[in-house]
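Here is a briefing on charged pairs and a surface patch. Please keep the structure open while reading.

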Amino acid sequence: MDFIAGCLGGAAGVLVGHPFDTVKVRLQVQNADKPVYRGTFHCFQSIIRQESVFGLYKGIGSPMMGLTFINAIVFGVQGNTMRWLGEDTPRNQFLAGAAAGAIQTVVCCPMELAKTRMQMQGTGVKTGYKKMYKNSFDCLLRIYKQEGLRGVNRGMVTTLVRETPAFGVYFLSYDLLTRSLGCEPDARFLIPKLLFAGGMAGVISWVCNYPVDVIKSRLQADGVGGVNQYSSIADCIRQSVRKEGYMVFTRGLTSTLLRAFPVNAATFATVTLFLMYAQPENRGPKDCEPAPTQTEEQTRPTNL
């Protein structure tokens with residue numbers, strides 16, 4: 001039941017947040033010498049004007065396909081880790097979240113690679129351009145044929161460095177927020193409190209790990225059109241800082257934070273409501289958890 005609820009919640013989060021993610025990626029990887037977009041809102045306007053509203057949803061197939069696996073991995077690892085640790089404390093929430101984030105990287109990295117490549121396809125063109133990839137699966141298949149497994153796993157190290165602390169911070173933030181808000185089953189305004197806690201936990205997690213995400217996006221977008229600009233993670237960091245300064249690590253941050261709150265709020269609300277209606281024998285979510293178990297493990301949205 002938790003698995004189904006997590007998948008539905010993740011799907012809701014992707015539908016709400018993918019347009020913001022497209023804007024974030026476009027801003028992160030655009031040429032600093034000849035920038036196409038002046039900022040977040042200009043990027044939104046330009047994509048809609050040049051590529052229609054559907055341009056904001058380019059590459060959505062990849063995160064949708066990966067949701068089932070990612071949610072299963074995160075929920076399973078987090079729950080088992082909490083059982084192994086034996087005590088529901090903020091420290092253990094961080095460790096369990098970090099473990100879940102690290103292991104789900106295996107699925108997350110190829111998924112985000114396909115998403116990034118699809119999002120960059122046909123930048124600034126509404127119609128009449130030749131598509132390099134038909135869909136997310138075709139994208140990964142073509143990358144595999146050209147570059148092998150190494151190409152499909154491009155950005156794996158940076159994804160691991162991002163996801164491990166990101167999920168740790170997320171679970172820790174959510175735990176502390178729900179405790180401080182007093183989210184008891186019979187508390188007033190329980191759902192708004194849950195929405196706020198989930199949304200803010202996502203925002204906090206992104207702020208802490210955003211610089212790594214910029215480098216990850218650049219490495220995964222590198223090679224589009226057959227031209228490789230970076231030879232390694234260090235080279236990507238060095239070139240980015242030399243050309244654009246340290247502010248490069250904040251590129252697309254506005255759209256990311258605008259996305260983080262509603263995505264995590266929508267995901268959490270969907271999970272909670274599904275479990276409340278699917279399991280009417282439960283009186284309510286205990287300690288703000290959508291899926292209480294015998295070990296008091298917490299269910300969290302996985303789309304940061």
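Both Arg162 and Glu163 are buried (under 20% relative accessible area; exposed is over 50%, partly exposed in between; 1.4 Å probe, protein chains only). Their side chains meet in a salt bridge, 2.9 Å from N to O (a side-chain nitrogen of Lys or Arg within 4 Å of a carboxyl oxygen of Asp or Glu). This is a predicted model: local features need pLDDT of at least 70, side-chain atom pairs count only at pLDDT 80 or more, and totals for chains, interfaces and linings use all residues. Residues are numbered from 1 along each chain as its sequence is written, and side-chain values use heavy atoms, with hydrogens and water left out.

**Salt bridges**
- The structure holds 16 salt bridges.
- A network of salt bridges links Asp21, Lys24, Glu112, Lys115, Arg162, Glu163, Asp213 and Lys216.
- Arg154 and Glu147 form a salt bridge at 2.8 Å, N to O.
- Arg154 counts as buried, at 18% relative accessibility.
- Glu147 is partly exposed, at 33%.

- Asp235 forms a salt bridge with Arg238, with the closest N and O atoms 3.7 Å apart.
- Both residues lie in helix 8, 3 residues apart, about one turn of the helix.
- Asp235 counts as buried because its relative accessibility is 11%.
- Arg238 is partly exposed, at 48%.

**Nonpolar patch**
- Val157, Val161, Ile233 and Ile237 form a nonpolar patch on the surface (residues with over 30% relative accessible area and no salt bridge, nonpolar side chains joined within 5 Å).
- Helix 6 (156-181) and helix 8 (233-244) each supply at least two of its residues.
- Ile237 is partly exposed, at 35%.

Methods
Patch = residues over 30% accessible without salt bridge, like charges linked within 9 Å, V, L, I, M, F, W, Y side chains within 5 Å. Areas by Shrake-Rupley, 256 points an atom, 1.4 Å probe, with all protein chains shown as cover. Helix = DSSP H or I, 4+ residues; strand = E, 2+ residues; numbered from the N terminus.
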